[in-house]
Amino acid sequence: MDQIPFISATPALAILVSLAAVPLIVLSSKRPNLREFWTFAAGGIKLLLILSMAGWILAGNTHTYELWKILPGLSLKLKVDGFGMLFALVASALWIVTSVYSIGYMRDQKEHAQTRYFCFFAIALSATIGVAFAGNLLTLYLFYEMLSLSTYSLVTHHQDEEARGGGRKYLTYLLGTSIGLALPAMLITYNITGSLEFSSLGVFPEGVSKGMLILLLLMFVFGFSKAGLMPFHSWLPGAMVAPTPVSALLHAVAVVKVGVFSVLRIFTGIFGIDLLAAQDLNTIICIIASFTVIVSSCIALTQDNLKRRLAFSTIGQLAYIILGAGLASKLGVTGSMLHISMHAFGKITLFFCAGAIFVATGKKYISEMVGIGRRMPITMFAFFIGSLSIIGLPPTGGMISKLLMVRGAMEADMAWVLAVYLVSSFLNAAYFLPIVYKAFFCTEEESLFPQEYNEAPVCCWLPPVITATVSMILFFFPGLFLGFAQVMMSG
Amino acid sequence: MIAAQTPILILLAPLFSGILITIFAQKSKNVAFFLLILGMVGSFSAACNVLLQVLQGSGPIHYRLGDWPPPFGIELVIDHLSGMVLFMVSGAALLTAIYSKHTVEVEIPDRIHHYYTLYTLLVSGLLGMVATGDVFNLYVLLEISALSSYALLARGRGLAYIATFKYIIIGTIGASFYLLGVGYLYIKTGTLNMADLSTMLATPEMHQSPSIKIGFIFIILGIWIKMAFFPLQGWLPNAYSCASTTTSCLIAPLMTKVSVYIMIRLMFSVFSADYIFKTLQWQQFMVWMACIAIVVGSVSALAQRNLKRMLCYIVVAEVGYMVGGVWLANSNGFSGAVYHIMSDVMMTLCLFMAVGAVIYKTGETSLEAMRGIFRRMPITAAAFLVGGFSIIGIPPTCGFFSKWYLITGAIETGQFHFVIALLFSSLINAILFFRIIEIGFFSPFDENGHGTHQVIVVNEAPAMMLVPMVISAASLIIIGLYTRFLMSNIVQWTIPVGL
C-alpha cells in the first residue's frame, strides 16, 4: 500500500475549513471587504484540500478517516471515493464562483443581514462536503440534516410573508421526509444488516424479503426528498423566494444534488446495483423517476416566472439523474454521476443569468423579457449555453452525460426509458429556447427594452460567463469528472 | 474516613444548607444564596465522587445509615443507574440554583430564605429517593420532596394555588397508593429492604400470589401518578406552568425523571424482569399506552399558546418515551430509556431555562414573547435552538441517540406502533419549535414588509442565567457525542438480568 500523498485528516479539514471561517466572518461584520475575504480564503483552501486528494482518488484508491466513535460498533467516518470527489469538487469550485456573484448581487440589492447570509452559506458548504465525503449512512444523515437546517435562514433571507411561507414548506418537506421516512429506513436497515457502511456489493444479506426491500427502497428514495422526486417536490419551487445566489448554488447544486447524491449512494452503496437489477427493483425507480421527468417538464412549460421555470426544470433533471442510476447498468450509473456535475454547471449559469436580469432590470417574468438580448447580450448568451447544456446539445457537457445515460438505457435493455429521455429533451428545448429566441429576435416594436446596451455589474455577469465556459470546456474535456465516475464504478 | 461517608453527604449537604438558611439567612438574600450554592456544590461534588467510585470499583456501593445492618436498618445503594441519576439530579439542581439568583429576586421578593429552604428540602428528598435501598424510606423521601414541591409550586403566578391544590390531592392519592402497595409487600414478606424483598419475591409462589400482584399494581399506579403518565397526567401542565421560573426549572426536569427512575428501580430491583415480563405480561398493553401518552402529549403541546405549557406537554410526551422504552422488554429499549433519563433532564432544563430567561426579560409568557429573539437575546436563542433540536432528535444532540435506541428496540420486538409514535412526536416537535423559530425570525415585520432592517438592541439575560443555560445546552451535544462512552461505561451496566 502506497503512502497517501496528503495528511490523513484532509477530508475532515475540507469540511471544517468553512466552519472555521464562520467566527471570522462574524467578527469582521463591520468591514464587508475583509468579511468577504474570509469567504474566499475558506473557499480557496477548501478547493485546494479537495484537489490535493484528487490524484490519489483518480488512481483508483479510496481514503477513509474515522472522525469519532459515536455508538458502539458505529462511528462517524469519512470516506473519499470517486463519486464523493466528483461532487465535492463541483460544490467547492462553484462555491467560489457563487461567492463572487453573491457579492455583486447582495451589495447591488442592498440586502440586509449580509453577515448572517455569508455565515450560513459557509455552514451549508461544510454540510455539503460532509455529505460528499460521508463514509456511512449515519454520517451522511447527520450532514444531510445539518444542511436542511443551515439553509433555512438562507431560503428565508428576505424575512417577509412570502419567505415565511416558502421556508415553512421547505422545512416541512425536507425534515418531514427525512425524519419520517429516511431515519426509520436507516434504523430498519441497521437492524437487519448490522451495518451502515457503503459497499458496492450492498449490505443486505440473502433472504431479505422482496417486500421489505421495496419498502426500504421507497422510504429512502422519498426520504431524501432533497432529490425532489414527485410528490415531494414542491418545496423546490417554494424555495425560490430565496435571493438568487442562494437559489443558484443551493437549489441547482448543493441542496438538490445532496439529495440525488444520497439517493445514488443508497442505490450503489446500500442496495448495490446488482441487487437492484436482480430483484427488478430498478423498474420501480425508473417508473417513479420517469413520471417526475415528464410531468415536471410539462409544468415548467407553463411557468412564467423565470426562477420557477428553472426550478421545475431542476426537478426534471434531478429525476433524470435518478433515472440514469435506476437503470442499474454501469454506463447508466456513470452517466448519472457525471450528470450531477454537468447539470450543476449548466443550471447555475441559468440561475446566475436570471439573477443578473433581475439586478439589471428588476424583471422576474419571462413575458417581460422580450428583446432583453439586445440590452444584456453577454448574460443572454451565457443563458443560451446553459440551456444547451440542460437540453443536452453540443457543444456543452450536458450532452456527454445524457449520451452515457441513453447508452445505459440500451445496455439495460429498457427501450421505454429511451423514449422518456427523448421526449423530455424535446420538452427541455421547448421551455428554454423560446426565451433565448425572444430575447434576441424580435422587432423594434415588440422589444420591451428599447434602451441601449446596459449589463448588470461585472460581479453579476462574469460568474455566468465562467460557468458557461466551463460547461463548454467539459464537452471537449469531460475527462476529470468522467474519470471520477469511472473509478467509482470500476472500483 | 470521609471517602466512605460520601454517599450520605449527597443528601446531607442540601439538607444542612437548608437548615442553615432558615437560621442565618433571614435578613440577607445574599447569604441565603451563598448557603444554597454551598449545599448544592457539596451535594454535586459528593455525587461526582460516588459516581467515580462506582465506575472504578466493582459492584454497587452500600452505605448503612447508623451502621445498622440491612435488612433491619436503612441502607443507601448506589450502583451505575442510581449513581448516574444522582449525578444528573444534583448537577441540574446546582445549575438551577445558580440560575435562580435573578429570577427569585423578581418573582419571590419576600421570604427568599423560606423559598431556598424548600428548594434544598426538595433536592435532598429527590436525591434520597434515588439513593435509598429501602422501599419505606423511599416513601418518606417521596413525601418530603412532594410536600416541599407543593409549597414551591404554590408560590407561582395566576392560578398557581388552584393548580397546586389539585396536585396536592392527586399527588397524595399517588403517594397513598404507593404506601398501600408497600404494605402488601410487607405483609407477604416481612421486609422493606429492596435487596431482601427481591430475593423473597423470586419464588414461584410469590410470582403467583394475587396479593403481590395487587401490591405491584398499587405501587406502579402510585408512581405513574407521580410521573404524569397518561391518563394520569392531568395535574402536571397546570401545576408546572403556573409556577415561578425557578420552580419550574427545578421541578419539571427532575420530578418526572426521578419517578421514572423509581419505576425502573422497583420493577427490576424489587420485582424482576422475570416477574414483570413473564408473569404479568403487560408489555403489549403498556407500549400501546406509551404510544398514546406520546401522541396525546405531542398534540396537546401543539395546541398551546403559552411557552411553559407547551414545554409541560412535551414533558408528558417524553415520559411516554421512557415508559415505552422500559416496557419494550429488551436491552435496546431499556438502554434507550435510561439514556433518555439522562438526556431528558438536560433537554428540559435547557428549554425551561431559556424560556425562563425570555419571560424574565419580556414579562410575556405566550409564544409571542419570542419575537425578535435571535437579535435581542442571541445566546438564549442559541441555547433554545439546541434544546429544541435535541427534542426533535437531530444529530449529534443526545435526543437523536435516545430515539435511536428506543426505535431500534421497538423494531427488534416488532412493535412498529411505538416507532410510528416516536417519529410522529419528532415531527410534531419539529413543528412546535420551528413555529417558535418563525416567530423569532420573522416578526416584527416593518412597514414595507421586507425584513428587519431596523436596529434591535441586544438585551441579553444576565450572566448568572446565561452560564447555566449554556452549560446545559452544551451538555446536550456532549452527551450526544459521548454516547458510546456513556453506553458502554454506564448504561450497559444498568441493564437488569433477564433482558
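Okay, let's start at B:Gln281, which sits in the loop between α12 (273–280) and α13 (283–302) of chain B. Keep in mind that this is a predicted model. The phi of B:Gln281 is near 55°, so we have a positive value in a residue that isn't glycine. Is B:Gln281 buried or exposed? It counts as exposed, because it has 11 C-beta neighbours inside 10 Å, and the cut-off for exposed is 12 or fewer.

Now go along to B:Ala329, in the loop between α14 (307–327) and α15 (331–362) of chain B. B:Ala329 isn't a glycine either, and its phi is positive, about 60°. This residue is buried, though, with 23 other C-beta atoms within 10 Å.

Next, the cis peptides. In chain A, the bond from A:Pro394 to A:Pro395 is cis, omega near 0°, and A:Pro395 is in the loop between α15 and α16 of that chain. In chain B, the bond from B:Pro395 to B:Pro396 is cis, with omega near 5°; B:Pro396 lies in the loop between α17 (378–392) and α18.

On to a helix in chain A, α18 (residues 458–476). Buried residues in α18(A) include A:Trp461, A:Ile466 and A:Leu474. Among the elements covering them are α3 (82–109) and α13 (330–361) of chain A.

Last, where the chains meet: 27 residues come from chain B and 24 from chain A. On the chain B side, α19(B) gives the largest share, 9 residues. That side divides into 15 nonpolar, 9 polar and 3 charged residues.

Note on methods
Residues are numbered from 1 along each chain as its sequence is written. Chains are lettered from A and ligands numbered from 1 in the order in which they are written. This is a predicted model: local features need pLDDT of at least 70, side-chain atom pairs count only at pLDDT 80 or more; totals for chains, interfaces and linings use all residues. Two residues are in contact if their C-beta atoms, placed from the backbone, lie within 7 Å. Helices (H or I, at least four residues) and strands (E, at least two) are DSSP runs, numbered from the N terminus. Ala, Val, Leu, Ile, Met, Phe, Trp, Tyr, Cys and Pro count as nonpolar, Asp, Glu, Lys and Arg as charged, and the others, Gly among them, as polar. A residue is buried if 20 or more other C-beta atoms lie within 10 Å of its own, exposed if 12 or fewer, and partly exposed in between; C-beta atoms are placed from the backbone.
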